[in-house]
Amino acid sequence: MYDYGKCEICSTQLEESNIQQDFWIKEKLIVIENVPVGVCPRCGEKVVNAEVGEHIAELIRDRKQIDQAPTISVPLINYDVEAGMV
Ligand SMILES: [Zn+2]
């Protein structure tokens with residue numbers, strides 16, 4: 001297990017957790033599951049270590065893998081709810 005050390009904001013020991021992280025790559029929303037990050041149980045600050053960051057960069061660069069990945073649909077809501085309802 002990677003030691004994420006302490007939170008830079010509130011100095012609480014960070015805990016390892018697997019989260020879903022989303023990225024916008026040229027108009028396309030990509031969600032990566034099970035990303036190991038350090039999370040602050042107090043303020044919610046998230047820390048990604050260098051190794052994980054590099055792996056994420058590789059994943060989102062791999063267009064072939066992205067094209068073959070399963071897709072999910074997400075709700076799209078207009079900020080101006082009235083205007084969004086036609
Ligand atoms: Zn914190």
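**Hairpin, segment and helix**

In the hairpin formed by β1 and β2, two residues lie between the strands, and Lys-26 has a positive phi near 45°. The model is predicted: local features need pLDDT of at least 70, side-chain atom pairs count only at pLDDT 80 or more, and totals for chains, interfaces and linings use all residues. Residues are numbered from 1 along each chain as its sequence is written. Helices (H or I, at least four residues) and strands (E, at least two) are DSSP runs, numbered from the N terminus.

Strand β1 (residues 15–25) and strand β2 (residues 28–39) pair in the antiparallel sense over ten bridges; pairing requires that DSSP find at least two bridges between two strands. Phe-23 stands opposite Ile-30 in β2. The count of buried residues among the eleven residues of β1 is zero, where buried means 20 or more other C-beta atoms within 10 Å of a residue's own, exposed means 12 or fewer, and partly exposed lies in between, with C-beta atoms placed from the backbone.

Most residues other than glycine have a negative phi. Glu-27, in the loop between β1 and β2, has a positive phi near 70°. Glu-27 is exposed, with 5 other C-beta atoms within 10 Å. Ser-11, in the segment before β1, is not a glycine either, yet has a positive phi of about 60°. Ser-11 is exposed, with 10 other C-beta atoms within 10 Å.

Helix α1 (residues 50–61) has twelve residues and should span 16 Å at 1.5 Å a residue, the expected span being 1.5 Å times one less than the number of residues. The end C-alpha atoms of α1 are 17 Å apart, which agrees. The count of buried residues in α1 is zero.
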